[in-house]
Amino acid sequence: MIIDLCNIGTLFAFVLVSAGVILLRKTRPEVERKFKTPGVPFTPLITIGFCFYLMASLPKMTWVRFGVWLLAGLLIYFVYSVRHSKLQKTA
């Protein structure tokens, strides 16, 4: 149970990183890169596909628990940020 949650969380984080590589290469091409990613956007897309393939093999209850934890985390994040945002205080 806990191992499955760790697996799905790590795979989801890797999906976000791979998607971020594609997004940043398209939206901010002028930024200096400290490292090169070969085959952009194909390598990150393949990575995303394999991660979803591995995630699909996890039990359905793991998906439910992951969804609940993700929603709870997003709720806490946004509720906290409304009151503690430095951008809101300066505006």
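Predicted model: local features only at pLDDT ≥ 70, side-chain atom pairs only at ≥ 80, totals over all residues.

Student: Which residues make up the largest nonpolar core?

Tutor: Nine residues in all: Leu5, Ile8, Leu11, Val15, Ile48, Cys51, Met55, Leu58 and Phe66.

Student: Why is phenylalanine 66 called buried?

Tutor: Its relative accessible area is 13%, and buried means under 20%, so phenylalanine 66 is buried.

Student: And why is phenylalanine 12 called partly exposed?

Tutor: Phenylalanine 12 has 24% relative accessible area.

Student: Why is the pair of phenylalanine 12 and phenylalanine 66 called edge-to-face?

Tutor: Check the distance, then the angle. The centres are 5.2 Å apart, and rings pair if their centres lie within 6.5 Å. The angle between the planes is 65°, and over 60 degrees counts as edge-to-face, so that is the label for this pair.

Student: How do you know that this pair links distant parts of the chain?

Tutor: Phenylalanine 12 sits in helix α1 and phenylalanine 66 in helix α3 (residues 60-84), 54 residues apart.

Student: How many aromatic pairs are there by this rule?

Tutor: The count is two. Tyrosine 77 and phenylalanine 78 form an edge-to-face pair too, at 5.1 Å centre to centre and 80° between the planes.

Student: Are tyrosine 77 and phenylalanine 78 exposed or partly exposed?

Tutor: Tyrosine 77 has 53%, and exposed means over 50%, so tyrosine 77 is exposed. Phenylalanine 78 has 48%, so phenylalanine 78 counts as partly exposed.

Student: Zooming out, what is the pattern along the sequence?

Tutor: It reads α-α-α-α, with four helices and zero strands in the chain.

Student: How does the radius of gyration of the chain stand against that of a compact globule?

Tutor: The chain has 17 Å, whereas a compact globule of 91 residues would be near 12 Å. The C-alpha atoms fill a box of roughly 45 × 35 × 15 Å along the principal axes, and buried residues make up 16% of the 91.

Methods. Residues numbered from 1 in each chain as written. Heavy atoms only, no water. Core = buried A, V, L, I, M, F, W, Y, C linked by side-chain atoms within 4.5 Å. Buried < 20%, exposed > 50% of the residue type's maximum accessible area, 1.4 Å probe, protein only. Phe/Tyr/Trp six-rings, centres within 6.5 Å; stacked < 30°, edge-to-face > 60°. Helix = DSSP H or I, 4+ residues; strand = E, 2+ residues; numbered from the N terminus. Rg over C-alpha atoms; globule rule 2.2 N^0.38 Å.
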